[in-house]
Amino acid sequence: MSARRHEQEDPDRYFTITGGRRDASLDLVALVVAEIGPLPGMSSEQVRILRLCRDAPVAVVELSAHLALPVSVVRILLRDMLADGRITVRHPVSAPEPEQLPDLETLKQVLVGLHQL
Amino acid sequence: MDSTNSDPPAAGPALAEPSPERAPLRGTAADGLKIVVVGGFGVGKTTMVGSVSEIRPLSTEELMTRAGEGIDEADAVPEKTTTTVAFDFGRITLNDRQVLYLFGAPGQQRFWFLWDQLFSGSLGAVVLVDTRRIEDSWYAIDRLEHHRMPFVVAVNRFAERGPSLPKVRAALDLDEHVPLVECDARLRESSKSVLIELVRHLTRLHDRPAGEDAR
């Protein structure tokens, strides 16, 4: 994540610079990690997100399910929290690019994992 | 930092209590992967996801605005946007870093906007077919081919009797290199074998000569 600059007061712009690889968006399976604990004055949703992600990463879509909020609403919350440094995000790294196959090493790892089920 | 200054002490443990749905990921998890299971209503998508998932399948929803996209970049949620579409998912921890998420996606045309989001970065797809309603799968297969998303087709056998796989292949107008298998989505081993078939299919596609249609 790059250092803050003045022009990044706009969370959208900040996110464009620091955030997701696709469409400046958070993937459904991007993994969220809390960087701070809940603070007074935070919204209840932010507090819940920080608690859910406190001990282990939680995927965006899982946060959406636990908060009972639509994914796109959770994304907006996360974008603000990311801009404020309250969370960090581990973006998918093995996902194939559009119209590309997953790489063979990824497929091998998936196969091994499935066989262990 | 703790939060006991803003909440009654009793509220903290209750929220933090792991439930079957809250089985935490490993702290080292860093790489989310996706496979989408698509099919018509009642075909067994959630059953399949649940049979292999390490958590009980979770359900969430996305807002439906206009055809073709969600509202991700909208700063204000449009007041008229009240329609939502629900989808289910589960997950499988593959190793210390990688977690595979399985999504059950409704196959109907009006949900296509959701597919785009689900398929973005997906490894591939499973089309789950009920042979009593084969036509429910046509649209899904057409869109997958259009998006060049690799897939396998799995017939969920609800009854002993049903059309043979060659007949299903013909009814779906399925290309001969697309794997077509039978399964019982209720059984872990069976659902697992479908996913393995998909991964093997993806691996085989790597061997195809460049320029040849990979689907």
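In chain A, 44% of the 117 residues are buried, meaning that 20 or more other C-beta atoms, placed from the backbone, lie within 10 Å of a residue's own. This is a predicted model, where local features need pLDDT of at least 70, side-chain atom pairs count only at pLDDT 80 or more, and totals for chains, interfaces and linings use all residues. Residues are numbered from 1 along each chain as its sequence is written, while chains are lettered from A and ligands numbered from 1 in the order in which they are written.

**Layout of chain A**
- Chain A holds five helices and three strands, taken as DSSP runs numbered from the N terminus (helices H or I, at least four residues; strands E, at least two).
- Starting at the N terminus, the order of elements is α-β-α-β-α-α-β-α.
- Of the chain A contacts (C-beta atoms within 7 Å) with a separation of 6 or more, 58% join residues 24 or more positions apart.

**The sheet**
- The three strands of chain A form an open sheet in the order 2-1-3 with antiparallel pairing, where a pair needs at least two DSSP bridges.
- Strands 2 (58–59) and 3 (87–90) of chain A each have a single partner strand, so one side of each has no neighbour in the sheet.
- Strand 1 (residues 31–34) of chain A pairs with strand 2 over two bridges, and Val32(A) has Val58(A) as its bridge partner there.

**The nonpolar core**
- The largest nonpolar core has 79 residues, a core being buried Ala, Val, Leu, Ile, Met, Phe, Trp, Tyr and Cys residues joined through C-beta atoms within 7 Å.
- Val32(A), Val60(A) and Val126(B) are among the residues with the most contacts inside this core.
- Leaving aside residues up to four places away in sequence, Val126(B) touches residues including Ile35(B), Val37(B), Phe151(B) and Leu198(B).

Technical notes
A residue is buried if 20 or more other C-beta atoms lie within 10 Å of its own, exposed if 12 or fewer, and partly exposed in between; C-beta atoms are placed from the backbone. Two residues are in contact if their C-beta atoms, placed from the backbone, lie within 7 Å.
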